[in-house]
Amino acid sequence: MTRARTRLGVGRAITGAAVLQAGAALVLVPHPFGIGAGLAVGAFASGLYNVNAVSLRQAATPPAMLSRMTATSRFVIWGAMPLGAALGGALTGLLGAPAYLALAATGMAAAALVTRWSPVWGTRDIPARDDHPAPAVTVGR
């Protein structure tokens, strides 16, 4: 994970991992051997994405806001999972697995493109923690 971040930069590692995840979904479609390869590539890409994205989010957030940022991102991401699972199951039943996986991979690739044209793409390194001075805290009045 560190090697990819060092070589590509954190923003490009995030975008590359998102593209790899989309590609992994496409590999699952045509061939039984693709299932193992797709799952392996998807697992690697998921780890690469999560390590870099969470590290960047934490470094870009002022210390006083870290718990709120973490709670909000977990609520949004983890909260959407059951809805996505239900929608994916319904669409798989309606379209069939190969068509649904192609549709899902297209959506994943579109999401990866969002990071390509965002400030994330140009982020080379994770900012140092001292970039955010701790806010002054006053106790009492």
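Me: Among contacts in the chain between residues at least 6 apart in sequence, what share joins residues at least 24 apart?

Reply: In this predicted model, that share is 75%.

Me: What makes up the secondary structure of the chain?

Reply: The chain holds five helices and zero strands. Read from the N terminus, the order of elements is α-α-α-α-α.

Me: How much of the chain counts as buried?

Reply: Of its 141 residues, 20% count as buried. The chain exposes about 9300 Å², and carbon and sulfur atoms supply 70% of that area.

Me: Why is threonine 115 called buried?

Reply: The relative accessible area of threonine 115 is 14%. Buried means under 20%, so threonine 115 is buried. Threonine 115 sits in helix H5, which covers residues 97–116.

Me: Which residues is threonine 115 in contact with, leaving aside its neighbours within four places in sequence?

Reply: Threonine 115 is in contact with Thr15, Val120 and Trp121.

Me: Why does arginine 116 count as partly exposed?

Reply: Arginine 116 has a relative accessibility of 32%. Partly exposed lies between the buried limit of 20% and the exposed limit of 50%, so arginine 116 counts as partly exposed. Arginine 116 also belongs to helix H5. With neighbours within four places in sequence left aside, arginine 116 is in contact with Thr15 and Trp121.

Me: How far apart are arginine 116 and glycine 16 in sequence and in space?

Reply: Arginine 116 and glycine 16 are 100 residues apart in sequence. From C-alpha to C-alpha, they are 9.2 Å apart in space.

Me: Why is leucine 101 called partly exposed and not buried?

Reply: Leucine 101, found in helix H5, has 21% relative accessibility. Buried requires a value under 20%, so leucine 101 falls in the partly exposed class. The C-alpha atoms of leucine 101 and valine 27 are separated by 9.2 Å, while the two residues are 74 residues apart along the chain.

Me: What makes alanine 40 partly exposed and not exposed?

Reply: Alanine 40 has a relative accessible area of 47%. Exposed means over 50%, so alanine 40 is partly exposed. Alanine 40 is part of helix H3, residues 32–60. Alanine 24 is 16 residues from alanine 40 in sequence, and their C-alpha atoms are 8.2 Å apart.

Me: How much space lies in the largest pocket, and how many residues line it?

Reply: About 1500 Å³ of space lies in the largest pocket, and 40 residues line it. Gln21, Tyr49, Ile77, Met81 and Met108 lie nearest its centre.

Me: Which helices each supply at least two residues of the lining of the largest pocket?

Reply: They are helix H2 (10–27), H3, helix H4 (66–95) and H5. The largest share of the lining, 14 residues, comes from H4.

Conventions
Residues are numbered from 1 along each chain as its sequence is written. This is a predicted model: local features need pLDDT of at least 70, side-chain atom pairs count only at pLDDT 80 or more; totals for chains, interfaces and linings use all residues. Side-chain values use heavy atoms; hydrogens and water are left out. Helices (H or I, at least four residues) and strands (E, at least two) are DSSP runs, numbered from the N terminus. Buried means under 20% relative accessible area, exposed over 50%, partly exposed in between (1.4 Å probe, protein chains only). Contact means heavy atoms within 4.5 Å. Accessible areas come from the Shrake-Rupley method with a 1.4 Å probe; for residues, only the protein chains shown count as cover. On a 1 Å grid over the protein atoms alone, a cavity is a set of points where a 1.4 Å probe fits but cannot get out, and a pocket is an open set with protein on both sides within 12 Å along at least five of seven lines; lining residues have an atom within 4 Å of a point. Grid points are joined across faces, edges and corners, and a volume is the space filled by probe spheres set on the points.
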